[in-house]
2 protein chains.
Amino acid sequence: MTVRTIKTVGEFGLINILKEGTIVTPETVRTGIGDDAAAYCPAPGSLQLLTTDMLVETIHFKRHYMTAWQLGYKSMAVNISDIAAMGGAPRHAVVSIAIPPQISVEYIQELYQGMKAICHRYGVNIIGGDTVSIPDYLAINVTLTGEVTPERIVLRSGAREGDKVIVTGMLGDAAAGLAWLDYGDWRKAGGAERISALVQAHLQPEPQVQIGQLAACFGATSMNDISDGLASEANEIAKASGVALCLQQEAVPVSPAVEMTAGFFNRDVLDYALFGGEDYQLVFTMPVANLTKLRAAHPELPLTVVGEVTGTGPAVYLLNRQGESQLLEPRGYNHFRG
Amino acid sequence: MTVRTIKTVGEFGLINILKEGTIVTPETVRTGIGDDAAAYCPAPGSLQLLTTDMLVETIHFKRHYMTAWQLGYKSMAVNISDIAAMGGAPRHAVVSIAIPPQISVEYIQELYQGMKAICHRYGVNIIGGDTVSIPDYLAINVTLTGEVTPERIVLRSGAREGDKVIVTGMLGDAAAGLAWLDYGDWRKAGGAERISALVQAHLQPEPQVQIGQLAACFGATSMNDISDGLASEANEIAKASGVALCLQQEAVPVSPAVEMTAGFFNRDVLDYALFGGEDYQLVFTMPVANLTKLRAAHPELPLTVVGEVTGTGPAVYLLNRQGESQLLEPRGYNHFRG
């Protein structure tokens, strides 16, 4: 028998293998493995969300790229983003930290300060955790609960033909920021101020809790947070909903700083905007009538229509300026294929 | 400024430093950092428990000591034990695994089989998780929710003068089992069958969910699971409750196999029974009248009175056969001082 490794089956392949038989009391589980967060019913009429994310040094972050405060902030932010992507409100967190021997207490304190800062902003209590030692590399695991009214929860699986596909904010900033961090001394490059904003987007992403809740209120039919790049997230929605999504290349919102970055590194701007990941913006689908109402009620929200749901799938198509269409593969960031 | 490290402040010292400012909405939190599990109120009249534990290869387990199935079983068992120690019922889990590149998918599958086996026994759904890569050592983080009726939750802080101190099962089995695993080829030693039971107690501990719930129903005033040894857990109860606990050395329940192990390795049997840890039995306090009722209703339960709450503290005293008393320090297993 050939031995399969994580590398050969990939992260999603592994998850599919593992998730079989995980639900023992289906009547209490609204959605299990396979969405941004899980949802369960602690009592009739009540729905709790639960999500967890682990960040491992060298794999998910380089310690010399960021302060401990930023690392703490980001560890919590990526979990809050998962709750936001369900239309929920983040509530209570437990934090496990595996600490290598050379790390100081001050470092861990500063990391916690970063977590507490974002927790205070979003009303999240850190109510428990585990601190353990580890030989080499720092690892942080945050688990976060959230709350959502049962009729408001937004899964990946509800996109319907005719819905618009909407994204929040700008895409590619975080990936472009990482490119500059990898490059090294970006402070000496031209346009350091704009680059600084990109680096900030990578190191200290802002979860879109408010927009997530508003999208849910205004009848979003599906939603994902953009952790692995729009291409990957759009494919997840397409797959879970059994629909085709058609995205307009020209409509993808990209900042001038990302365009500048693409020029500097001689890359396609879409490498950052579609495949970069770690933006923690949201992508959701919604009937156009609801979108009109949402925009009228909240004109301040940074929403961009990037395409629409065109029919049965699952598939995601990208249309370029010339009207040519190509299949958009979910080749976003995959931890195991790197 | 001298740099403090985890080694100098210890795990509990670090937790005390970190827990400041973690509660943002105190009206929703019944108990935060510092008990076996946290308890929060998702809705009036409802109480949810939340606990998390991380196991790191080389620190918490040696991969060649146990099968993947046992590792999965134990990873979940230690979390279920935390819920049991609050008088709760375990409900929903999320699992993060950091996987080094050399590990096979079959290994992870078997690990999940072990988790699913214990989850099926206790009605726990695995509803989410995160799978990431890590350079060297396997790390597993399980977060588990639980449910408890608000008036039944048992914290560490409720022990009162006159209460009896009760433990479940036998103590020291897991520590003695680890001694044999460290020793090596225990299968060739005399009494391999008895040793096998000890090794099993270490590799595949059984959480005491039913007794935890019954103790809560019959008015236990405080409770801990014995993960770090009875000395450590008793001191935690004494500290949280502000009482003195007086334990009878002779009363501590020890199996013949542990006595045999102590003889073989020329150790004091109390090294295993009081300071060994990882038994995942329960220690609780309860008025004697309630204990009488509990025993009458459930004579089958393996309960042993090991002492009583004698007054204000915090302190734990150990009385030997000669009636001599000594202060029992909480020198249980401490990951950072190890």
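Author: One term to start. A crossing of two helices is right-handed if the near helix is turned clockwise from the far one by less than a right angle, and left-handed if anticlockwise. Also, keep in mind that this is a predicted model.

Reader: Ok. Which hand is the crossing of α2(B) and α3(B)?
Author: The crossing of α2(B) and α3(B) is right-handed.

Reader: How do their axes cross, and at what angle?
Author: Helix α2 of chain B spans residues 68–84, and helix α3 of chain B spans residues 105–122. Their axes come within 6 Å and cross at roughly 40°. Therefore α2(B) and α3(B) are oblique to each other.

Reader: Which residues in α2(B) meet α3(B)?
Author: Among them are Trp69(B), Leu71(B), Met76(B) and Ile80(B). On the α3(B) side, the residues include Tyr107(B), Leu111(B), Met115(B) and Ile118(B). By class, this contact has 14 nonpolar, three polar and two charged residues.

Reader: New topic. How is chain A related to chain B?
Author: A rotation of 180° superposes chain A on chain B, with 0.0 Å of shift along the axis and an RMSD of 0.0 Å. The two copies are thus related as by a two-fold rotation axis.

Reader: And through what surface do the copies meet?
Author: The same surface, because 100% of the interface residues of chain A are also interface residues in chain B.

Reader: What does UniProt list for residues 160–313 of chain A?
Author: An unreviewed UniProt entry lists "domain: PurM-like C-terminal" there. Over residues 160–313, chain A is 44% helix and 19% strand. The end C-alpha atoms of that stretch are 11 Å apart.

Methods:
Residues numbered from 1 in each chain as written. Chains lettered and ligands numbered in written order. Predicted model: local features only at pLDDT ≥ 70, side-chain atom pairs only at ≥ 80, totals over all residues. Heavy atoms only, no water. Axes fitted to C-alpha atoms, helices over the stretch in contact; angles between N-to-C directions. Helix = DSSP H or I, 4+ residues; strand = E, 2+ residues; numbered from the N terminus. Parallel < 35°, antiparallel > 145°, perpendicular 65-115°, else oblique. Contact = heavy atoms within 4.5 Å. Nonpolar A, V, L, I, M, F, W, Y, C, P; charged D, E, K, R; others polar. UniProt positions renumbered as here; feature names shortened; annotations may be inferred. Least-squares fit on C-alpha atoms with pLDDT ≥ 70 in both.
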